[in-house]
2 protein chains.
Amino acid sequence: MNPEVNFCSVCGAKVVRKVPQGDSMLRHVCDACETIHYLNPKLVVGTMPMWGNQVLLCRRAIEPAYGKWTLPAGFMENDESVGAAAIRETLEEACARIALGDVSTMISLPHISQVHVIYHAKLLDLDFAAGEETLELRLFNEEEIPWNEIAFRTVRLTLQHFFADRRAGGSFQFRALELQPHE
Amino acid sequence: MNPEVNFCSVCGAKVVRKVPQGDSMLRHVCDACETIHYLNPKLVVGTMPMWGNQVLLCRRAIEPAYGKWTLPAGFMENDESVGAAAIRETLEEACARIALGDVSTMISLPHISQVHVIYHAKLLDLDFAAGEETLELRLFNEEEIPWNEIAFRTVRLTLQHFFADRRAGGSFQFRALELQPHE
């Protein structure tokens, strides 16, 4: 997912891999300008937009998982909050305006160095439309969800927990979870 | 916080700032090897380690906020989960072994492109000790907390919510919050 680090982005010199003083991990270090180039996990943020009992899913127009169904979500940008990223991604992928609710799930995917955060949300109107990365959109009742055509495990897990909480009739629980590569 | 991006880390050529096709934001792009160098927010992860009614705070041995009190926390690394990062940081900064609990707060700091996630935790023993980035450690009852000497607003907020929930006698709430620069 991350581009290779062969050269220093600050000064252009070749980087070496070594453990900096006071650190315990191998880093990409520039001996010329002394910059340490840390690599950190990325946040993927999205929403579960509801219209009454129905949830809005997007069919992906891009790889990975082209043609599969997903919730509107994408990489969080610098200079924004997690909530603002969720609203922006929902607008970009589904052209949908929402009232943002509580956080539903925070799921770690250590093997790809990502953390997925999905919010509850209510659609403010039905004027949604496919964004550039979406083939089509549709509102689904629980029994209509195309479980075998869901793009990502984090989306499937989030939907499963949502419907389980709803069937239990109680309040929606926030869950912090972790997925291994072949779980 | 991020090093400058003047050169391509993959091939060493100069990068330009432009909006890639299908994107809407200015990025650092390498015209030589076509790599787009995205910059994304970083996760800072930590714990609130309790021993009975007391919370373990660490006095910082590094800048920023040298000499101020904080909860054990630090930058999440690639290839780990959020929970694993919380346990590792608690071990590194406080040499403390914990049972990790639920997530207490997730606080966005868009002006510095960080998201802070703090977990509830219980100390497993009293064999804690100052790590390399810590001057000293101490267990505090609520009335002893050095509120004017707390290192970061995210730590203060997390502690305030924890004690408020505890005084209310109910269960601890997960909170997703956002802080502006001068709030």
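Chain A can be laid on chain B by a turn of 180° and a shift of 0.0 Å along the axis, with an RMSD of 0.0 Å, where the copies are superposed by least squares on the C-alpha atoms of residues with pLDDT of at least 70 in both. That is the relation of a two-fold axis. The same surface serves both copies, since 100% of the contact residues of chain A recur in chain B.

This is a predicted model, in which local features need pLDDT of at least 70 and side-chain atom pairs count only at pLDDT 80 or more, while totals for chains, interfaces and linings use all residues. Residues are numbered from 1 along each chain as its sequence is written, and chains are lettered from A and ligands numbered from 1 in the order in which they are written.

**The interface**

In all, 37 residues of chain A are in contact with 38 residues of chain B, contact being counted if the C-beta atoms of two residues, placed from the backbone, lie within 7 Å. On the side of chain A that touches chain B, at least two residues each are supplied by β4 (42–51), α1 (82–94), β8 (98–109) and β11 (175–178) of chain A; helices (H or I, at least four residues) and strands (E, at least two) are DSSP runs, numbered from the N terminus. The largest share of this side, three residues, comes from β8(A). By class, the side of chain A that touches chain B has 18 nonpolar, 12 polar and seven charged residues, with Ala, Val, Leu, Ile, Met, Phe, Trp, Tyr, Cys and Pro counted as nonpolar, Asp, Glu, Lys and Arg as charged, and the others, Gly among them, as polar.

**Strand pairing**

Two strands pair if DSSP finds at least two bridges between them. In chain A, an open sheet of three strands has the order β1-β2-β3 with antiparallel pairing, and its edge strands, β1 (16–18) and β3 (36–37) of chain A, each pair on one side only. Within this sheet, the bridge partner of R17(A) is H28(A) in β2(A).

In chain B, A99(B) stands opposite K122(B) in β9(B), and T105(B) stands opposite R175(B) in β11(B). The hairpin of β8(B) and β9(B) has four residues between the strands, and S113(B) there takes a positive phi near 50°.

| Strand pair | Sense | Bridges |
|---|---|---|
| β1(A) and β2(A) (residues 27–29) | antiparallel | three bridges |
| β8(B) (residues 98–109) and β9(B) (residues 114–123) | antiparallel | nine bridges |
| β8(B) and β11(B) (residues 175–178) | parallel | four bridges |
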